[in-house]
Amino acid sequence: MAEAKTKLKKPRGKVRLIEGKCIACGARCQSSCPVDGIQMSDAGEPQIELSKCIGCLKCVKACPGSALEIFYSPEELEILAQLAGQQDLAEEDADPEELARRELVAAYRGVWVFVEQTEGEAARVSWELMGKGQELAAKLGVELCAVVMGDQVEHLCREAFSYGANKAYLMDQPVLKHYRTYPYLDALCHLIDKYKPEIVLMGATGMGRDLAGAVATRVKTGLTADCTGLDIDAKRNLMQTRPAFGGNIMATIMCDRFRPQMATVRSHVMPMPAQMSGRTGKIVPVSLPISEADIFTKVLQVIRDKKAGDVDIAGAEFIVSGGRGMMAKENFAILQELADELGGVVGASRSAVDAGWMPGDRQVGQTGKTVRPKIYIACGISGAIQHLVGMQDSDLIVAINRDKEAPIFEVANYGIVGDLFEVVPALTTALREMKTSKGPAEVKDSKAA
Amino acid sequence: MYVVACIKQVPDTTQVQIDPVTNTLVRDGIPFIVNPYDTHAVEESLRMKARYGFKAAALSMGPPNTEATLRKALALGVDEAILCSDRAFGGADTLSTSNVLAAAIRKLAQEDEVGIVFCGKQTIDGDTAQVGPGIAIRLGFSQLTLVDRIEHLDFLAKKIRVRRKLEGRYEIVEAKLPAMITVVRELNRPRYPTVPMRLKAAKAEVKVWDNKELQLDPNSVGLKGSPTWVSRIFSPQRAAGEIIGDGLGDPAGTARLLLEKLVASDMLAV
């Protein structure tokens with residue numbers, strides 16, 4: 001208390017660029033500077049006008065590349081050393097902005113998973129998210145809630161309980177039978193306003209992305225698409241990790257000043273949780289006076305696409321994938337033979353799809369599908385990061401490539417440096433032999449003999 | 001009536017590399033392209049122009065060099081090109097980007113009614129697919145995402161019928177205009193610019209609207225208007241794989257070795 005009169009002001013220092021760390025992210029530091037003290041060079045790197053810098057740290061916090069740091073003059077360092085013994089410095093950090101943020105954030109509690117359904121059947125990704133939701137809710141010490149919307153869909157609440165939900169908000173109205181943006185938007189925004197969740201998770205499906213983007217805009221909160229990792233930091237905020245810059249690197253995205261924190265996750269990215277039959281929870285029915293007459297969008301027809309339904313690479317247990325190294329469309333036949341022998345399907349990299357060798361629904365990767373098979377065999381695929389993010393969660397990865405430097409070998413459990421046109425047929429033949437000789441034990445024996 | 005195509009200038013991501021030593025993005029000499037999905041948005045707006053006599057406008061937000069991207073749209077035949085560019089718009093996430101683009105569309109609508117806004121289904125750099133819905137909701141337009149076919153347009157009755165391409169199914173949907181439509185590749189085949197059009201486009205005007213024109217709250221645009229921010233970037237760490245056998249010298253033996261390993265690790269039941 002007596003110190004208050006003689007209290008030294010804590011020096012704030014000035015900001016500087018750490019050489020070589022700027023990633024030219026798009027002038028975040030410049031935009032964040034309250035005193036216009038940063039100009040961008042032609043290379044997109046910040047040039048700091050030290051005379052203007054007030055050491056407010058805003059640019060340092062805004063920089064995704066940790067390329068900015070605060071430095072102090074010798075005089076300032078001396079003052080800092082004097083202050084080091086005093087303990088009341090931490091309190092200075094709690095500025096009015098931070099206090100307002102804490103108050104807003106405290107009003108929101110709970111983890112929600114939007115249960116996507118078509119004709120009363122839930123999308124698999126919703127249950128996968130329920131598994132991740134359980135983990136996040138446990139870390140936060142809050143409830144995991146399912147949001148179920150549709151017409152005659154109460155059974156999905158019970159299914160949600162079996163996958164770990166503690167509570168289900170149910171909006172069961174004929175007007176919600178088919179997904180349409182505006183009624184679903186009104187319904188979900190109503191629930192968010194009323195029950196204030198801190199986290200809302202949705203599948204990154206056609207429907208999920210349509211709805212999530214609309215909801216986040218109306219609620220004026222952040223939304224992170226296609227997350228591959230979700231976790232909670234020390235301040236109860238959601239850390240959302242996703243591929244960035246076209247998948248070349250991973251970025252952890254925060255939305256700490258707004259609520260709810262919204263994220264979408266693609267199918268097969270999170271593992272499916274175990275189903276606990278007989279588990280129950282509380283159903284909270286909510287209704288909203290939405291009239292069909294007010295909705296100007298009509299779903300006239302739903303056409304099941306049988307062709308696409310035949311081969312579901314996202315759900316396959318074994319995938320044999322081909323890339324640029326396949327050379328021609330016809331050559332995919334050898335992959336098909338191996339896939340048939342394994343009871344799996346044929347996938348493709350983006351370059352193979354772009355070349356017209358395989359249809360787009362077989363594409364594995366950032367702009368294609370995320371897969372999680374038991375075994376993924378990559379043939380003639382070099383392993384661009386966009387491809388890797390789509391298949392890296394496979395239980396086991398085998399890579400076959402002539403180029404021993406190919407990045408695919410860095411993720412493969414087993415790599416074969418060789419000509420795929422020799423190795424793949426050899427695999428098929430060996431697999432057939434193994435089957436006819438009735439089991440692996442005999443194969444080993446015969447080799448030993 | 002205006003039909004607007006929103007386009008984004010993106011780095012050609014297949015060429016972006018990480019420097020293994022400094023762990024930063026190698027960005028020298030990376031060419032910029034028009035987001036591939038957006039080229040289908042421009043094409044569809046040009047088809048609407050040809051068929052119904054709408055005015056086609058291309059709209060983008062970005063730094064001043066985005067002008068080059070808009071000139072590509074002019075060379076294809078759009079009537080107007082508008083670039084929203086202001087220092088205050090920098091560092092925007094999808095929420096604040098949609099705010100700027102929606103404001104520009106509102107401003108355009110003061111000149112003439114805006115009937116349809118086309119966007120690519122997503123960009124190839126961000127992949128979020130969030131800006132289109134953001135624009136639709138801010139403007140109160142019908143939202144039709146992932147459209148692969150325009151079935152029917154009745155602009156007197158202000159109705160549009162489209163086909164949406166979803167997982168394992170298609171939906172035929174009817175909605176009222178104005179509408180925001182995000183398009184997939186199957187919708188059309190984009191045209192190429194002719195040389196005379198390219199020459200004409202080089203001289204054409206790209207309108208630049210800054211925030212003095214759009215009059216948005218500075219706290220609702222750019223970095224300040226972005227709820228999300230990047231706290232960390234990193235290269236994914238991967239465990240190096242094990243190279244087995246001699247695939248070049250002994251493909252058959254290596255194949256057998258692999259299968260034995262798969263069976264032994266319980267991954268393959270034969």
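So, the area buried between chain A and chain B: in this predicted model that comes to about 8,300 Å², with carbon and sulfur atoms giving 60%. Chain A puts 106 residues into the contact, and chain B puts in 83.

Let's look at the polar side of that interface. We get 26 residue pairs in polar contact between the two chains, counting pairs where both residues are at pLDDT 80 or more. Helix α9 of chain A, residues 206-219, gives the largest share of the side of chain A that touches chain B, namely nine residues. By class, that side of chain A has 49 nonpolar, 30 polar and 27 charged residues.

How many salt bridges does the rule find across the interface? Two. One that you can look up joins the side chains of A:Asp210 and B:Arg164, at 3.6 Å from N to O.

Strand β17 of chain A, residues 298-304, pairs with strand β11 of chain B, residues 169-176, in the antiparallel sense, over six bridges. If you want a place to start on screen, find A:Gln301, whose bridge partner in β11(B) is B:Ile172.

Now over to a helix in chain A, α11, residues 332-342. Which of its residues are buried? They are A:Phe332, A:Leu335, A:Leu338, A:Ala339, A:Glu341 and A:Leu342. In an α-helix, residues three or four places apart point the same way, because there are 3.6 residues a turn. The buried residues of α11(A) pack against β18, β19, α12, β20 and α15 of chain A.

Notes:
Residues numbered from 1 in each chain as written. Chains lettered and ligands numbered in written order. Predicted model: local features only at pLDDT ≥ 70, side-chain atom pairs only at ≥ 80, totals over all residues. Heavy atoms only, no water. Buried < 20%, exposed > 50% of the residue type's maximum accessible area, 1.4 Å probe, protein only. Helix = DSSP H or I, 4+ residues; strand = E, 2+ residues; numbered from the N terminus. Contact = heavy atoms within 4.5 Å. Buried area = accessible area lost by both parts, 1.4 Å probe. Salt bridge = Lys/Arg side-chain N within 4 Å of Asp/Glu carboxyl O. Polar contact = N/O pair within 3.5 Å; in protein donor to acceptor, adjacent residues only side chain to side chain. Nonpolar A, V, L, I, M, F, W, Y, C, P; charged D, E, K, R; others polar. Pairing = 2+ DSSP bridges.
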